[in-house]
Amino acid sequence: MTDRFRELERPSADRKKDVVLMATVSSFEGLSHPSKSELRQFAELFMPLFSASTAEAKREAVAALSQNPNIPSAVAFFIASQPIGLSAPFLVSSKCLDDDTLIAIARTQGGAHARTIVRREDLSPTVIDALVGLRHARQAPKREDQTATADIAQSMERTIAEREEDLRRQLRTMARQLQRPVSDTLGVRRLTDVQEALLVRFARERNARQFSMALSDSLSATHWLSERVMLDISGQQLATTMTGLGMDFADAAFVLECFYPHLKVQDGDMTLAETMLENLDPAQCEERIESWRRADRYTADPARADSTSSEQPAAVQKLVVRR
């Protein structure tokens, strides 16, 4: 009979411990800014209660504390060191785990904990380097450990690649936002659709002479200016001209690569031509074009100025004769 009573009492005792654990967690969650003494008291109460509670109560407590930013460091390390079935939500979500704690957990608790840490959204470069370095630092006599380390490395490589791509997209978006809208072309020289189509066609045919003539027409300048632009073998002047005239980015890169083959070389995920165009400021390119056109007019105008000056005395002379 005594044994039977003890068996009946056990579930009740377990439930009481579970209730006390959850009550302790709930009370702590109600503290928006716990003091040092309150943090110390919680740490002293929580760990023995947690160890004595059922698995279900432990999971509920961990899930609740995963969202709390005020967990004492001792309690955070204690929860993170639990078996992965309990600690996973805390390892993924908790803001109380600093870099040193994450690295220590990954090194001491095994591959399952490390793979779970990889799923965090706020991993710092320090933690990433440490997780990748585990592959080289660990001695893995067992096949399971080798597989776990390889999985960690692959997960980290994917995470790093995804974050680098996200960063590139963000930088390109920021660059486009800083640039003047394409529709804001008041008072700015722009290519017509026909002019742009002709330039692309002559570039595809590698017809430098026709391209130069079409370019001078687009600039409303002499053929000498367009030839000087194209004689720059670096391609920088032509890139500046096409950017200043508002040519489509892909078309401009195609034209550069046609006339300057060395710009086809890949530079990361872009060609040298695309990198060159990406680094140009449209407003500065427009100013540069206008300065070239002014110099071109000054070079071409002396003959017109001479003819104008010769016409003026004649007109004056006629007036004198009439008098």
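Which residues of helix α12 (residues 223-230) are buried? The legends below take up this question after an overview.

**Figure 1. Overview of the predicted protein chain.** This is a predicted model, in which local features need pLDDT of at least 70 and side-chain atom pairs count only at pLDDT 80 or more, while totals for chains, interfaces and linings use all residues. Residues are numbered from 1 along each chain as its sequence is written, and side-chain values use heavy atoms, with hydrogens and water left out. The protein chain has 16 helices and 2 strands, which are DSSP runs numbered from the N terminus (helices: H or I, at least four residues; strands: E, at least two). Of the 323 residues in the protein chain, 35% are buried, where buried means under 20% relative accessible area, exposed over 50%, and partly exposed in between (1.4 Å probe, protein chains only).

**Figure 2. The buried residues of helix α12.** In helix α12, the buried residues are L225, S226, V229 and M230. They lie on the same side of α12, because they cover an arc of only 130° around the axis, the arc being that of the directions from the helix axis to the C-beta atoms. An α-helix has 3.6 residues a turn, so residues three or four places apart point the same way.

**Figure 3. Helix α2 against helix α3.** The axes of helix α2 (residues 36-52) and helix α3 (residues 55-65) come within 10 Å and cross at roughly 145°; axes are lines fitted to C-alpha atoms, for helices over the stretch in contact, and angles run from 0 to 180 degrees between N-to-C directions. On the α2 side F42, F46, F50 and S51 meet K58, A61, V62 and L65 of α3, contact meaning heavy atoms within 4.5 Å.

**Figure 4. The aromatic pair F46 and F78.** Rings of Phe, Tyr and Trp (its six-membered ring) pair if their centres lie within 6.5 Å, and planes under 30 degrees apart count as stacked, over 60 as edge-to-face and the rest as tilted. By this rule the count comes to 6 aromatic pairs. In one of them, the ring centres of F46 and F78 are 6.5 Å apart and the planes stand at 90°, so the pair is edge-to-face. Because F46 lies in helix α2 and F78 in helix α4 (residues 73-80), the pair ties together parts that are 32 residues apart in sequence. Both F46 and F78 are buried, and F28, F42, F46, F50 and F78 form one aromatic cluster.
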